[in-house]
Amino acid sequence: MFMVVIKMTNCYRFKTKQNLEVVYVEKKGFIKGYCGIGCRYGGNNIEFIYNNKKYRSSYGIAHFLEHKLFLMPDNSDAFKMFSKMNAIANAYTASDKTIYYFSINDDIYKPLKLLLDMYFTPYFPKEEVEKEKPIICSEIKMYNDTISYRISQECLRLLYPNDDYSYSITANIDDVNNITKEELEFIYNAFYTPDNSILCVVGDYDKDKLFSFIQQVMDSYQCSNNTALKLNTIKSKNVLKPEKLEIKSSQSEAVVLLRIDDITNKDKNSCEVILAIIDALLNVSSNFYKMLEDKKLFDNDFDYQVVTSDSSSYVMIFASSKHPKSLAKAIINKLNDLDVNDIEKRLVDLYLKHLKANQILEEDSIDTLGENVLSLALEDIDYFTSQAELLNLTYDDILKYLPKIRDSLKTFAEIDK
């Protein structure tokens, strides 16, 4: 006898009296649960207006805050406390947001209270701030020893010259050593407010009990909603000229860079659409790929990424090559003249099928689903609306973006052995 279990997904929203938005995604029949809270403040939000005054913060302070928020007012370590509750916790800082989360196969309410306590009861004693600096500096050194990280940072510098957006989220060692307890407190008060935050829960829980519990916990805090206004992180109008980067690598490499300022993350599925175009162009069975292969302009297959923000989008295309300059110029020339004939329908359809398959897999991964729902919510995008639109994307929808690729700002980087 076979039993069929239908896994239903329902999404509910709730706003506490303190104006904290709560998104609960119900997953019937799942044992595992996810909970995350995010702040609309990240590593590149350096300039802002607060109490009618303009401020410019230190680089790296958002990432520093992420580290120190795990310290509780009684000097206990929330990270260790999560572990004792059998919850797997972590956090990360992005360019425009910071997220703290845990997953658990047990009761969610104790770690949920801990997450909220950690987030809404900050504790930054001076001695603990100073103790954290060597730890973060060690992390920076580790990143700086990673070739792929250094290449990405150099490419961002070419794409967004002198913009805060191009600066490393972790900052450099001097930046970190200059951060003070007072600045941490100031930035926390400016951005870590209920109405600048979103709480996301995914799992099989009683909705009314969950929302009542969250409200009860929130009532125990004294919260302000005097949130700072973030200012533009991107002010540059052009990209820098192509450069040969002074980075020792195991192989010569070309990195083609596109900056598209009229596509942002408010265009829900723009990232997937751009990826579909690049994937069709550089697919192993495309005519352009075969032409590059015949000319022996690259050594291994291409790797590429697309990143969208609230102000811009960029594409990085990587390939090892003995002739990086020639390869980069060939790709850029093709992108400048990109037309319908370069993007085969069968390759786009294949990519869209791949996206739809991933969507099904996401529905069965509590962690992935929670992360995506929360991350998009912080960008004011509803995950389920976005996914429904993604399912309906067509070849003709993809082709509408070709002019944006053609008109994008382009440059490239050469990396020699």
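Contact means heavy atoms within 4.5 Å. The structure is a predicted model, in which local features need pLDDT of at least 70 and side-chain atom pairs count only at pLDDT 80 or more, while totals for chains, interfaces and linings use all residues. Residues are numbered from 1 along each chain as its sequence is written, and side-chain values use heavy atoms, with hydrogens and water left out.

**Exercise 1.** Determine which residues His67 touches, not counting residues up to four places away in sequence.

*Solution.* Step 1: locate the residue. His67 belongs to helix H1, residues 61-68; helices (H or I, at least four residues) and strands (E, at least two) are DSSP runs, numbered from the N terminus. Step 2: list the contacts. With residues up to four places away in sequence left aside, His67 touches Glu132, Ile135, Ile136 and Glu139. Step 3: examine the polar contact. The side chains of His67 and Glu132 form one at 2.8 Å. Such a contact is a pair of N or O atoms within 3.5 Å; within protein, one must be able to donate a hydrogen and the other to accept it, and residues adjacent in sequence count only if both atoms are side-chain atoms.

**Exercise 2.** State how the rings of Phe14 and Phe211 are arranged, and which parts of the chain they join.

*Solution.* Step 1: apply the criterion. Rings of Phe, Tyr and Trp (its six-membered ring) pair if their centres lie within 6.5 Å; planes under 30 degrees apart count as stacked, over 60 as edge-to-face and the rest as tilted. The structure holds 31 aromatic pairs. Step 2: compare the values. The ring centres of Phe14 and Phe211 are 4.8 Å apart and the planes lie at 15°, so this pair is stacked. Step 3: place the residues. Phe14 is in strand E1 (residues 9-15) and Phe211 in helix H8 (residues 207-218), so the pair ties together parts that are 197 residues apart in sequence.

**Exercise 3.** Are Phe14 and Phe211 buried, partly exposed or exposed?

*Solution.* Step 1: recall the classes. Buried means under 20% relative accessible area, exposed over 50%, and partly exposed in between (1.4 Å probe, protein chains only). Step 2: classify. Phe14, at 22% relative accessibility, counts as partly exposed, whereas Phe211, at 9%, counts as buried.

**Exercise 4.** Describe the aromatic pair of Tyr41 and Phe191.

*Solution.* Step 1: the pair is stacked, with 4.3 Å centre to centre and 15° between the planes. Step 2: Tyr41 counts as buried at 1% relative accessibility, and Phe191 counts as buried at 1%.
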